Structures are given as C-alpha cells and as structure tokens.
Amino acid sequence: MRIGFIGDIIGKPGRTIIKERLQEIKLAEKLDVVIANGENASHGFGLTKNCAQELLNAGVDIITSGNHIWDKKEILAIIDDCPHILRPHNMPKAAPGSGVGIYNFNQETLAVINLMGHYGMPQTNNVFEIALQTTQELKAQNIKHIFIDFHAEATSEKRGLFWLLSGKVSAVIGTHTHVGTDDLEIANGTLGLSDAGGCGCMDGILGLEAKGICKRFLSGIPCAFEIPDKCVRILPIIIFETNSEGECILGYKIRAIDSLQPQKMFEAFSYQGSINVPV
C-alpha cells in the first residue's frame, strides 16, 4: 500500500494548493490513500463542513485533527455521521466522533488512529496506554496496516510513541507545530517523523501573517491571528509504502511550492537489524 500524509492544513492557502496540486502528486506517486490533518483548515482554527468537503473533493481520503477540532462548533453536529473525519482517540469518551477509522483501499484494510499529546495540550487520557491498547485490539482483528497521526507539541512525546510502537504499526507521524522536522526514519518496519510540517503560507509564521505576530513579540500586546490573502504556499507530503504485512519498507518527503515542480526533500533512514523497546 502506498500512503501519503499531509500535516496541518492552514486556512484557504492550504486548501487551495491542495486543490491545485494534490491530484497531480497522487497520480505521480501512485498513492492508494491520502490522509491529512484538517483541524486548522477553516481560517486557521477548526474545521467546517464545507471545508471538510472541499478537502475530500480535492483528493484527501481521511481527515485527522487535534486540539482545534471543536473550534468551529458546527463540527459537533456532523462528526458522528462523517467516518472520514477523526478526532483524537484519547479525548474523553463522551466526546462525539471517533478517534479510530478502519477503511478499505486497493483491497487492503487500513486503520487510522488519531492521538493527542499531553505537554501544552488540553487534558486527555494517557496517550501511551491508549495507543498500545488500541494497537493490540486492531492487531487482534488481523489489521496489519496501521497509521497514527500523533498531534502533539513535544518532540519527546512523538519520538517516545514512535519507539514504543516500533514493530507494531506501519507509521507514527507527528503534527501540530506546523514546522517540519528531518528525523524521518524506519525502525522494525515502522516509519517515524516528529512533525510533517504545515500546508499553507510558507512566508509567514506557522501559516499566519507575520507582521502582527512580530509586533506582539516586541510589545507583548495580543493581536488577531490572520491568514494572508496572498503568500508563497507550500504543500509538504510524506510518502511511504508498506508490504503485505503492514511493515513500512520505504519513506520520503516531497514538497510542492506554489506551481513549482514537486521536490524530493529526503528519504527515511532505516535502522538495520531489530531495535526493541521493552514494554
């Protein structure tokens, strides 16, 4: 199975470049499925029904989220009826929607788990315990292809979950910081990356207009977070392939900037031999 993953989509610039470039990349990379984090897709905060449909129409197959999932209140009324939109699985059980989705693509079954970290984030149940338990439950159903979007602030949490689940899932990729990291690696058949990076305005601050934020840093006075009408847009996407056992056998990152030809940024480093973390 060939899977593409896009990190946080930030407002209209992110949605627009996905509409313009995703189908081209999907075809060129022979992707069976594209997963994308959409919690910032509606003017930078939250996700509306219309924006979700826009992404699905553009070629995104599954939308994950994080701490901003409830910012647009209309999502509360629709998420139970939208199996292709996930909220973090370790949120309280009373929260609407689901944090785990099971889908069929190209005659293969794929499970997607959406999780949220602890440092600097809303209070949730223990993500590490829930990740292990959920993975075991999926494995008991003979589901071999398991992908995790880990929406977290701390790289230590993201790398901790990657090593904890190495050999147990296909990939653990982090989101939330909007800044891509270069620690793409494969251990025991599991792909890991601390953050996929944001999709949207590149020439700003975390996809937002830089002027007001810089003024806030200088003065300490709060300001509105705005998304520029015009900007240099970036679409980073992580590409990885799994074998019939759900093990990741290769991974790399590409990026498209505006209308420029997509560039291959770097390939995953693969550890040789078995490296195990006792649980």
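Reader: What makes the sheet in this model an open one, and in which order do its strands lie?
Author: In this predicted model, seven strands form an open sheet with mixed pairing, in the order S4-S5-S6-S7-S9-S8-S14. Strand S4 (100–105) and strand S14 (269–270) stand at the edges with a single partner strand each, so one side of each is left without a neighbour in the sheet.

Reader: Which strands does helix H4 touch, and what is its direction relative to S5?
Author: Helix H4 (residues 127–140) packs on the sheet and touches S4, S5 and S6. The direction of H4 makes about 170 degrees with that of S5. Angles over 145 degrees count as roughly antiparallel, so this description applies to H4 and S5.

Reader: Why are helices H4 and H5 called roughly parallel?
Author: H4 and helix H5 (residues 155–165) pack at an angle of about 30 degrees, with their axes 11 Å apart. Angles under 35 degrees count as roughly parallel, and H4 and H5 are therefore given that description. Their crossing is right-handed. Phe128, Ala131, Leu132 and Thr135 in H4 meet Glu157, Gly160, Leu161, Leu164 and Leu165 in H5. By class, this contact has six nonpolar, two polar and one charged residues.

Reader: Why does the description roughly parallel also hold for H1 and H2?
Author: Helix H1 (residues 11–28) and helix H2 (residues 49–58) pack at about 15 degrees, their axes being 9 Å apart. With the limit at 35 degrees, H1 and H2 are therefore roughly parallel to each other. The crossing of H1 and H2 is left-handed. In the contact, Arg15, Ile18, Lys19, Leu22 and Gln23 of H1 meet Cys51, Glu54, Leu55, Asn57 and Ala58 of H2. The classes represented are five nonpolar, two polar and three charged residues.

Reader: How do you know that Cys201 and Cys231 form a disulfide?
Author: The S to S distance between Cys201 and Cys231 is 2.1 Å. The cut-off is 2.5 Å, so the pair qualifies as a disulfide. By this rule the count comes to one disulfide. The link is left-handed, with -75 degrees about the S-S bond. It connects distant parts of the chain, 30 residues apart: Cys201 lies in strand S10 (residues 200–201), and Cys231 in the loop between helix H6 (210–219) and strand S11 (233–242).

Definitions and conventions: Residues are numbered from 1 along each chain as its sequence is written. This is a predicted model: local features need pLDDT of at least 70, side-chain atom pairs count only at pLDDT 80 or more; totals for chains, interfaces and linings use all residues. Side-chain values use heavy atoms; hydrogens and water are left out. Two strands pair if DSSP finds at least two bridges between them. Helices (H or I, at least four residues) and strands (E, at least two) are DSSP runs, numbered from the N terminus. Contact means heavy atoms within 4.5 Å. Axes are lines fitted to C-alpha atoms, for helices over the stretch in contact, and angles run from 0 to 180 degrees between N-to-C directions. Angles under 35 degrees count as roughly parallel, over 145 as roughly antiparallel, 65 to 115 as roughly perpendicular and the rest as oblique. A crossing is left-handed if the near helix is turned anticlockwise from the far one by less than a right angle, and right-handed if clockwise. Ala, Val, Leu, Ile, Met, Phe, Trp, Tyr, Cys and Pro count as nonpolar, Asp, Glu, Lys and Arg as charged, and the others, Gly among them, as polar.
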